[in-house]
Amino acid sequence: MRIDIDAFNVLQVLVEEGSFSKASERLHKAQSAVSYQVKKLEQHLGVTLFNRDHYRAELTPEGKVILAEGQRLLQHLANIEHLASRFSQGWEPKLELVIDGALPMEPIMTALKRMSEHNIPTKIQLNMEFLGGVQHRFEREQADLMLVKDYRTGPSYHPKALPTITSVLVASSQHPLSQLKGISLPELQQHVELTIEDSSPGKRDRDEMQFGGDKVFYLSGFIMKKNALLKGLGFGWMPDFLIAEELVKQELIAIDFIGGNRFSFTPQLVSTLERPLGRAGQLFTELILEEFAQYQLQQQLGLSGAGLG
């Protein structure tokens, strides 16, 4: 015989009302039905829950422990009912995002914070990859959205353009390249190039534009790459939003390469029609577009104020 879950609610009402008669009135049940429900639970558990020697209905020590556990069970059930209600309104149980590490995290985190303020039932999983690893993980794990620098398109992919990001070819102010003018490709190839390793398995894509030299250090992320640049270990491309302060302080210098020291790319927020977005995915899409637009405006104002625009 299974435990009658409603019996725990009866126990709670009995404790609050102090008598079987008052509890039956509140529960809109006959007193005999309330007494039978409690007795049946006691028989099932093999424990006396109420001390019936007193005027008021009082729990035994064992009854107090059982009621406490029953209350937790009732709360879990209420949570399940609440989640089911929210899911029936179009909220998906889980939203999985794959983010390219070359993109700014500030607008992404702000969008997630705003989502949390909606008190949605959806569990959100955020994964970071680099280069081809973003699309590889998006497809392998059948994720819902990817924020990606570049990807191989397909008929079911549905992209939304995010604001343009600029990368700058830089070296430390102490690096020999920062002192030269009109640097040619052969001159550049004489120095160590710092690049980001593709996180997709069995494949190594290029970090932005690689220069083809023999001296290449592959790093696992842009924070490590920035530290290596500041140490004077080599030269490489960096998104400008990650090094704005270092450029202002001239700790990092844009290299005077004859092929150009800046290029821009337009990241995309991509979903697939094979896995239509629920309410959480649609909300995140709206928020991330708003936050990236706001972030771009702040960056433009900041760069303009610093004389880097």
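These are my notebook entries on one predicted model.

**Entry 1: ground rules**

I count residues from 1 along each chain as its sequence is written. Because the model is predicted, local features need pLDDT of at least 70, side-chain atom pairs count only at pLDDT 80 or more, and totals for chains, interfaces and linings use all residues; side-chain values use heavy atoms, with hydrogens and water left out.

**Entry 2: the whole chain**

I started with the overall form. The C-alpha trace spans about 100 × 45 × 40 Å along its principal axes. The radius of gyration of the chain is 31 Å, whereas a compact globule of 309 residues would have one near 19 Å. That radius is taken over C-alpha atoms, and the globule rule is 2.2 Å times the number of residues to the power 0.38.

I then looked up the secondary structure and found 10 helices and 13 strands. Helices (H or I, at least four residues) and strands (E, at least two) are DSSP runs, numbered from the N terminus.

Next came burial. I take buried as under 20% relative accessible area, exposed as over 50%, and partly exposed as in between (1.4 Å probe, protein chains only). Of the 309 residues, 44% count as buried.

I also checked contacts, meaning heavy atoms within 4.5 Å. Of the contacts with a separation of 6 or more, 71% join residues 24 or more positions apart.

**Entry 3: the cores**

Which residues have the most contacts inside the largest nonpolar core? I found Leu147, Leu188, Ile255 and Phe284, in a core of 35 residues. The elements giving two or more residues to this core include β3 (94–100), α5 (106–116), β7 (165–172) and α10 (279–305). Helix α10 gives the most, with 7 residues. At least three residues of this core come from each of domain 2 (94–163 + 267–306) and domain 3 (165–265). Those domain bounds come from an automatic or database domain assignment.

Apart from this core lies another, of 17 residues, among them Phe8, Val10, Leu49 and Leu67. For both I used one rule: a nonpolar core is a set of buried Ala, Val, Leu, Ile, Met, Phe, Trp, Tyr and Cys residues joined through side-chain atoms within 4.5 Å.

I then picked Leu188. Not counting residues up to four places away in sequence, Leu188 touches Leu169, Leu177, Ile183, Phe211, Phe235, Ile255 and Phe257.

**Entry 4: the rings**

A pair of aromatic rings is described by the distance of the centres and the angle of the planes. Rings of Phe, Tyr and Trp (its six-membered ring) pair if their centres lie within 6.5 Å; planes under 30 degrees apart count as stacked, over 60 as edge-to-face and the rest as tilted. I get 10 aromatic pairs by this rule.

Tyr151 and Tyr157 form a tilted pair, 5.9 Å centre to centre, with 55 degrees between the planes. Both tyrosines are buried.

Why is the pair of Phe263 and Phe265 tilted? The ring centres are 6.3 Å apart and the planes lie at 40 degrees, so the pair counts as tilted. Phe263 is buried at a relative accessible area of 17%. Phe265 is buried at 9%.

**Entry 5: charges over rings**

A charge sits over a ring if NZ of Lys or CZ of Arg is within 6 Å of the ring centre and within 35 degrees of the ring normal. The charged end of Lys149 sits over the ring of Phe265, 5.1 Å from its centre. The charged end of Arg275 sits over the ring of Phe138, at 5.3 Å from the centre.

I stayed with Arg275. It lies in the loop between β13 (268–272) and α10. Is Arg275 buried or exposed? Its relative accessibility is 18%, so Arg275 counts as buried. Leaving aside neighbours within four places in sequence, Arg275 is in contact with Phe138, Gln142 and Ala143. The C-alpha atoms of Arg275 and Leu145 are 9.5 Å apart, although 130 residues separate them along the chain.

**Entry 6: positive phi**

Leu131 is a residue other than glycine with a positive phi, near 55 degrees. I found Leu131 in the loop between β4 (123–129) and α6 (132–140). Leu131 counts as buried, at 14% relative accessibility.

Gln250 also has a positive phi, near 60 degrees. Gln250 sits in the loop between α9 and β11 (252–254). Gln250 is exposed, with a relative accessible area of 54%.
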